[in-house]
Amino acid sequence: MKRVVLIASVGLNLVLAMAMVRFRHESSESAPRAPVARAMPEPVAISKGVSAGPKTAEAVSAVTNRFHWRRIESEDYAQYVANLRGIGCPEKTICDIVTADVEKAYTIKRTVAPFPGGFWSSGTRRAAATQVQEARERALEAEKGALLQRVLGPDCSGEWNEQADDLVEQALMRFVIGPVSDGTVQKVFTTIKQGEELVKEIRNRANGIMLPEDEAALAKVSGQSLEELKRLLTPEQLEEFAARGEAIGMMDHGMEYFQTTATELRQIAHIHAAVFWLGDGKGFNLFDHQEESPVQDKEFETRLRAYLGEKRFAEYQRAKDPVFQGVVDLTEPNSLSASAAAKVYDIKQLADAGRQTLAADGSVAGPEREAQLRQIQDTTRLAVQGVLGEKAFAAYLQQGNGRWVTNFVNP
Amino acid sequence: MSAQRLIAVSLCLNLVLGVVLIRGYRRSTPMGQPTLATKEITNRSLRLDARRSPLDASSTQPPAVAVVVDEAFRWAQLESADYRVYVANLRAIGCPEETVRDIIIPDVNELFYRRVKGLVDTVQNRFWEFLADKKALQKLVEEKQGQLEALDKERDAVLKELLGPRADHRLRANELAEIEQVAARKQFLDFLPADKIDRCLALDEKFKNLREQIAGAEPPLESKELQAKYKRLKEQQDGEFEAILAPEELAEYKLRNSRFADTRLRLTGFDAGEAELKEMVRIQEKFAGASPGVNGQVALTSEAQKQQRDELKKMLGVERFVEYERAQDNRYQEMYQVADRLQLPAKAASDAYEVRAAAEALAQQVRTDQTIPEDKRTAQLGAIRAETERALVETFGPKAFELYQTRSGQWLAQLGR
């Protein structure tokens, strides 16, 4: 029995001694790994989520001697992406890291090559060198695009990140694009930006001289972009987006002088988009007015007249007249009545009719004709002055739109 | 030793070892702190520390929990609801600062985009209503603009706190612009040996930092004092820069830096050699330096202009001087561009230019000749125009002429009046 107790006790001693050694070893090993959290900035306020409720700060301290960024970095982008994916890095973050890196690498690549013409060159030699440089830059841009496409796939584009700097543009884009999902906003934006880049490239190459082949290339890019937009948006969404874009463009081109209801304006913008935008696929520079052909102009007016009716269409025409616009601009600062612009416009119509009648009358010529013209001018001047008052009339004459009042005799 | 004594000693040792082990364990585990849990997956380990920050005194969360997990490294272990922790974690695993910025800036932008979306989505469905009401739209724009500016400031403050005082939402764009600027500067200095280029760039950097320090001084300097300091810095920089360069290098630098160095960019279709171009700059500098400027612009007297032209003519020879002057004439440049675009020989442009010069001179003669009756004058001007158009079609070909006429042909209409 004593022998058994002795063996058990010695055995227990051995176990305890081993446990102690192991415990001490573990303690000494973990001691230097002080939590990095101590060195971290004060956590709390800058929450990644939008709802910033009080949260426990969650600190992750990596054991840096076991995992280091070097393990995932690679000269080969495909490997770099694979490594990032391998540790579960979200695709969006991979896209951010790699596009920024590639952008930087290609900026360096693009700028490091010296200008082939050298500093002191001119004329045809310089022009040829510029062409070589532009071709090289285009090739690099294509190479960059292909690389990103190859390693990241089609869903990752740096365009959105570039634009994300500008909150105002983001807001405007969101406002114009209409009610669609976030992902769609980004894809639509990317499609438009990429299209605009191609258009810019064609125009740059043309150097202000557009040949039929350039116009064809533009039409092709436009068509492709429109097809892509059709893929991204439902027909209703695309129509609404196009109409909103057109409405903003029209606001800088006379529409701001035409009083409409929201429904009317929407319908007009839809007609405009159908004629100028969706009709031929010229969906670029959404906030700039496109060049319009006379055929398109005519079609737009026909469709607009049918929608508005004769009376409202005449008001629309009036709103595009600088004579009318000039008075509208003076209305608020001079506390004029809302109908002042229409009255001046009507006076102008009467005066023009009077002049035309006089011009058609072959029996009146020379000094007599001049005297009659002067009489029409004086009557007109008094009438306009009566509507606007002294101060606003003086301002109207000063702005270009009011010169018609005084140029009857010597236009 | 008897077995009894051996048993007693061994039992005592049991007791001592047991007590030491328990005390040691207690010392390593403070009261109230849960036990560490270890999960072996691979040889990579990571410590997840969910203890509340010691700085977060207001928190009433339960006591800290520390967990050591040995497992394959996952990105999720770096993620945090708090950007400062996320950034610290990225830095802790050796993520380069540039990459930290590449990760954080788009992420913060995304956060603020959600807030922009919040601002816009409230009015999104009233788009047409606002657009039809100018005043309401203006009010909306002003209101939203203010909110967006506030967001911009907030975003910059967040980025500064996370990434340092120089960080803001333009950081990445600025970095790319700086890469381009440095590359352009290197090319500008490419006549220097590599070590001198490096010294010049270092000098640029040094003075850029000094200017930034002055611009960011607290309290801000008065405009006059600021300008004076900038001026002194500029003088100091020029002095230090000149000290790096040998005399012939400095001469080249001054030529390249001359306001007339862009002459080389304006010479459409005129190929001048390096020596010629430099001489053109020297001559223009010489006359400009001798003339009093007007509002910072060079204003040569007619005599000085004549002397300058004479010197240029002497340097280039009569024929090349004519080409040199023509190359800077807008009328020739328009013709040259059309010819170049349609890959016509340069001679087409110079011939067309001569046609125009001759036609305009002839038309002017007809206009000023008082002996020609009005009806005949009109007829003659019409004939000059028709003949000029015919000559241009012949020179350019019909396609290029049509293109030219559309872009720059207004003078042809005036020719007939």
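This is a predicted model: local features need pLDDT of at least 70, side-chain atom pairs count only at pLDDT 80 or more; totals for chains, interfaces and linings use all residues.
**Two chains, one visit**

Visitor: At roughly what angle do the axes of H2(B) and H5(B) cross?
Guide: Helix H2 (residues 83–92) and helix H5 (residues 134–163), both of chain B, have axes that come within 10 Å. Axes here are lines fitted to C-alpha atoms, for helices over the stretch in contact, with angles from 0 to 180 degrees between N-to-C directions. Helices are DSSP runs of H or I with at least four residues, strands are E runs of at least two, and both are numbered from the N terminus. The crossing angle of H2(B) and H5(B) is roughly 35°.

Visitor: Before we go on, what pLDDT do side-chain atom pairs need to count?
Guide: Residues are numbered from 1 along each chain as its sequence is written, chains are lettered from A and ligands numbered from 1 in the order written, and side-chain values use heavy atoms, with hydrogens and water left out.

Visitor: Which residues of H13(B) are buried?
Guide: Helix H13 covers residues 318–327 of chain B, and its buried residues pack against H10 (263–266), H11 (274–290), H12 (302–316), H14 (330–341) and H15 (346–368) of chain B. Buried means under 20% relative accessible area, exposed over 50%, and partly exposed in between (1.4 Å probe, protein chains only). In H13(B), the buried ones are B:Phe321, B:Tyr324, B:Arg326 and B:Ala327.

Visitor: What residue of chain B does A:Leu84 contact?
Guide: A:Leu84 sits in helix H2 (residues 77–86) of chain A, and it counts as buried because its relative accessibility is 0%. Setting aside neighbours within four places in sequence, its contacts in chain A are A:Trp69, A:Ile72, A:Cys89, A:Ile94 and A:Ile97. Its contact in chain B is B:Trp75.

Visitor: Which element of chain A has the highest mean pLDDT?
Guide: Chain A averages 80, and 82% of its residues reach 70 or more. Strand S1 (residues 59–62) has the lowest mean among the chain's elements, 47, and the pLDDT is below 50 over residues 25–65, a stretch with 91 contacts in the model beyond near neighbours in sequence. Residues 283–289 also stay under 50, with 23 contacts beyond four places in sequence. At the top, with a mean of 95, is H2(A).

Visitor: What share of the residues of chain B counts as buried?
Guide: Chain B has 18 helices and two strands, while chain A has 15 helices and one strand. In chain A, 43% of the 411 residues are buried. For the 417 residues of chain B, the buried share is 40%.

Visitor: About how much accessible surface does chain B have?
Guide: These areas come from the Shrake-Rupley method with a 1.4 Å probe; for residues, only the protein chains shown count as cover. Chain A comes to about 21800 Å², with 54% belonging to carbon and sulfur atoms. In chain B carbon and sulfur atoms have 54% of a total of about 23700 Å².

Visitor: How far apart in space are B:Glu249 and B:Phe191, C-alpha to C-alpha?
Guide: B:Glu249 lies in helix H9 (residues 247–257) of chain B and counts as buried because its relative accessibility is 13%. Beyond four places in sequence, B:Glu249 touches B:Phe191, B:Leu192, B:Pro193, B:Lys196 and B:Ile244. B:Glu249 and B:Phe191 are 58 residues apart in sequence, and their distance in space is 7.7 Å.

Conventions: Contact means heavy atoms within 4.5 Å. pLDDT is the predictor's confidence in each residue, from 0 to 100.
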